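Trainee: I have a structure open and would like to learn how to read it. Could you walk me through it?

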Amino acid sequence: MSKEQNKSDFFDKKENVDKIIKVFYVVCALLVVADFIVHRHIYHDWENIPAFYAIYGFIGCVVLVLIAKLMRKALMREEDYYDK
Amino acid sequence: MISSLPLLPPFLPLLIGALAAIFLRGHLRSAVMLLTPIWGALQLAALEPGLYWAFEFLGYQLEPVRVDKLSLMFGYLFHLAAFIAVVYALHLKDTVQHVSGLSYAASAVGAVFAGDLLTLFVCWELLALTSVFLIWARRTDRAYSAGMRYIVIKVLSGVLLLAGAIIVINETGSAKFSDIGLGHEGLLNVGAWLIFVAFGIKCAFPFAHTWLTDSYPEATPTGTIFLASFTTKVAVYALARGFAGTELLVWIGVTMACFPIFYAVIENDLRRVLAYSMINQIGFMVVGVGIGTSLALNGAVAHAFNDVIFKGLLMMTMGAVLHMTGKINGSELGGLYKTMPKTTILCIVGAASISAFPLFSGFVSKSMIMSAAIEQGYDYVWLALLFAAAGVFHHAGIKIPYFAFFAHDSGIRTTEPPKNMLIAMTIAATLCVVIGTFPAQTVYALLPWQVSYQPYDLTHILTQLQLLFFSALAFVWLNKQSMYPPELPSTNLDSDWLYRKLAPGFLVPLYYSIIESMARVESMAKSGIKRLIDSSYDEAKEQPKGYFAQLWPTETMVFWVALLLAGILLLYYI
């Protein structure tokens with residue numbers, strides 16, 4: 001392995017990652033703020049909830065992952081389960 | 001130039017390419033394989049809508065080539081997909097893969113231009129027979145048995161299609177493949193359902209989906225690109241042609257869109273994650289077909305078009321990782337962005353497209369289906385699709401690039417894949433962006449049904465961005481809380497457990513217990529006979545125990561003669 005390949009890359013530095021995540025938080029916040037400024041078209045009653053899509057996306061994904069973790073308990077087997 | 005070419009059936013150029021690949025080698029083979037999809041696409045441009053080469057067979061009108069806007073759209077798509085897949089596979093010297101890849105593409109083209117059910121059946125079976133070699137070409141035991149299961153299920157689908165087709169042709173008196181629908185009377189309904197189930201198996205309906213997640217990840221890196229492009233899209237085409245507006249499809253589709261994302265989150269093999277994600281995307285299309293309005297059907301076929309390109313792109317990037325590192329499990333990968341930066345960027349383009357970011361191709365087609373769902377009052381379906389859309393971003397949009405190229409550094413140091421692979425991925429990535437940015441000039445121009453739809457308005461962009469960014473926020477938050485399930489080497493049970501574990505675990509012992517009990521009955525019968533013999537012979541005196549057996553034969557005969565005479569005497573008096 002050459003020296004060049006071992007040098008720490010952009011994402012190896014914690015401060016770079018933290019910076020990106022901070023920018024990401026700001027964008028998220030701006031999107032919620034925009035929800036109150038921009039007049040959205042409403043196609044369905046549920047969309048009247050402020051920041052409906054943001055809340056739904058967040059909760060949806062958390063629930064998705066938590067259920068998937070539970071599924072592991074019932075469904076996970078060793079890697080060569082079918083080969084035996 | 002186009003008009004000077006002789007008019008050929010649409011599938012023929014690709015088939016000629018496949019035949020040429022058997023005999024040619026080296027650069028000449030590469031050149032011919034690259035030219036045949038282009039030649040085929042030019043052929044399509046020269047075809048006017050209508051019927052070609054129709055003939056009569058056993059009193060039924062067969063229409064091997066029917067050209068209309070729907071078949072043309074899929075025809076162009078399959079030529080494009082074949083071209084990209086051929087570029088991606090150019091570095092290979094494996095004749096089996098080249099021949100089967102191109103003939104598989106030719107069968108898919110044949111299927112979408114088939115105007116009657118019998119031609120459709122023939123192409124349907126050819127799709128299975130030609131594609132299975134792309135799985136076996138991996139040349140591992142796992143690939144061999146996955147290919148076996150694949151071909152058995154595919155042939156089953158073909159048999160159901162043939163049975164259904166025969167019933168429908170017999171009942172209606174016409175072999176034409178057009179709107180079939182469910183809810184007929186009597187035998188015709190049985191035929192329609194058989195065809196529906198045959199389409200459903202290839203479309204990876206729930207419980208019939210495991211052939212896809214089982215076999216695609218076992219195929220070769222290049223073979224999976226062909227596989228991901230054709231079979232399921234032919235099935236979506238067939239459903240759109242035969243069962244548009246069947247409400248059952250809405251519910252099947254929404255199930256397909258939702259359940260695979262749970263599996264995708266916990267799956268370790270990244271190509272299998274993409275296979276699950278493929279079922280999820282097909283779910284969107286099936287919902288569109290089920291709703292059946294012009295907007296929904298347009299959305300379904302537009303999404304099929306885009307899906308072939310962006311799912312192909314994602315599969316290609318994962319194929320490149322597998323090709324270069326020999327590994328594809330999320331638990332063994334990570335940090336590859338350092339040595340494969342171009343592949344990383346191309347993968348992120350694919351991820352943005354499948355997640356339907358504005359300006360990427362998924363956005364312009366998925367939104368059509370969502371809009372159609374809400375327009376037709378399918379509120380809960382719409383809500384479920386929204387959940388599925390967030391889930392796609394979660395597993396295909398973030399998980400795939402994150403665990404392959406970022407996450408913890410696995411220490412693997414490799415290089416970018418061969419040039420032809422990079423070129424193929426770049427073509428697909430460019431198409432994703434071009435289609436997403438200029439839908440009206442590209443994919444919308446090919447749409448079969450007349451409808452005006454504008455994907456880009458402020459509401460739409462804002463709501464989609466909110467959905468996606470907060471899905472990403474959920475990923476970040478779960479990761480920071482260490483609640484995100486780690487990638488683990490594992491197998492997750494799915495409905496293929498029924499025929500890979502339960503059936504063998506149940507039928508094989510049953511077989512042996514039957515064999516065993518038959519042997520036990522036989523030995524019991526033998527020992528019974530032996531006991532009978534034993535009980536009639538005195539071993540010590542070395543003579544039989546029975547009275548008559550102790551007499552001379554003449555004495556016995558005299559006794560029987562006396563008995564007979566007495567009998568005759570008695571009869572005489574009666």
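Trainee: How far apart do the C-alpha centres of domain 1 of chain B and domain 2 of chain B lie?

Mentor: Before the number, some ground rules. Residues are numbered from 1 along each chain as its sequence is written, while chains are lettered from A and ligands numbered from 1 in the order in which they are written. This is a predicted model, where local features need pLDDT of at least 70, side-chain atom pairs count only at pLDDT 80 or more, and totals for chains, interfaces and linings use all residues. Now your distance: the C-alpha centres of those two domains of chain B lie 24 Å apart. Domain bounds come from an automatic or database domain assignment, and for chain B they give domain 1 (1-237), domain 2 (244-480), domain 3 (496-535) and domain 4 (543-574).

Trainee: How many residues does the contact take from domain 1 and from domain 2 of chain B?

Mentor: Two residues are in contact if their C-beta atoms, placed from the backbone, lie within 7 Å. Here the contact takes 32 residues from domain 1 of chain B and 39 residues from domain 2 of chain B. On the domain 1 side, the largest share, 9 residues, comes from H3(B). Helices (H or I, at least four residues) and strands (E, at least two) are DSSP runs, numbered from the N terminus. That domain 1 side divides into 21 nonpolar, 8 polar and 3 charged residues. For those classes, Ala, Val, Leu, Ile, Met, Phe, Trp, Tyr, Cys and Pro count as nonpolar, Asp, Glu, Lys and Arg as charged, and the others, Gly among them, as polar.

Trainee: Which residues is Leu314(B) in contact with, leaving aside its neighbours within four places in sequence?

Mentor: The list is Leu274(B), Cys347(B), Gly350(B), Ala351(B), Ile354(B), Ala396(B) and Ile400(B). Take Leu274(B): 40 residues separate it from Leu314(B) in sequence, yet their C-alpha atoms are 7.7 Å apart in space. Leu314(B) itself sits in helix H12 (residues 294-325) of chain B.

Trainee: Is Leu314(B) buried or exposed?

Mentor: Count neighbours: a residue is buried if 20 or more other C-beta atoms lie within 10 Å of its own, exposed if 12 or fewer, and partly exposed in between, with C-beta atoms placed from the backbone. Leu314(B) has 29 other C-beta atoms within 10 Å, so it is buried.

Trainee: What do the buried residues of H7(B) pack against?

Mentor: They pack against helix H6 (141-172) and H9 of chain B. Those buried residues include Leu194(B), Phe196(B) and Ile201(B).

Trainee: Moving on to the two chains, how many residues does each give to the contact?

Mentor: Chain B gives 38 residues and chain A gives 38 residues. From chain B, the largest share of that side, 16 residues, comes from H17(B). There is strand pairing as well, which needs at least two DSSP bridges between the strands. Strand S1 (residues 76-77) of chain A pairs with S5(B) in the antiparallel sense over 2 bridges, and Met76(A) stands opposite Asn492(B) in S5(B).

Trainee: What is the mean pLDDT of chain B?

Mentor: pLDDT is the predictor's confidence in each residue, from 0 to 100. Where pLDDT is low, the predicted coordinates should not be read in detail. Chain B has a mean of 92, with 99% of its residues at 70 or more. The model scores ipTM 0.90 and pTM 0.88.
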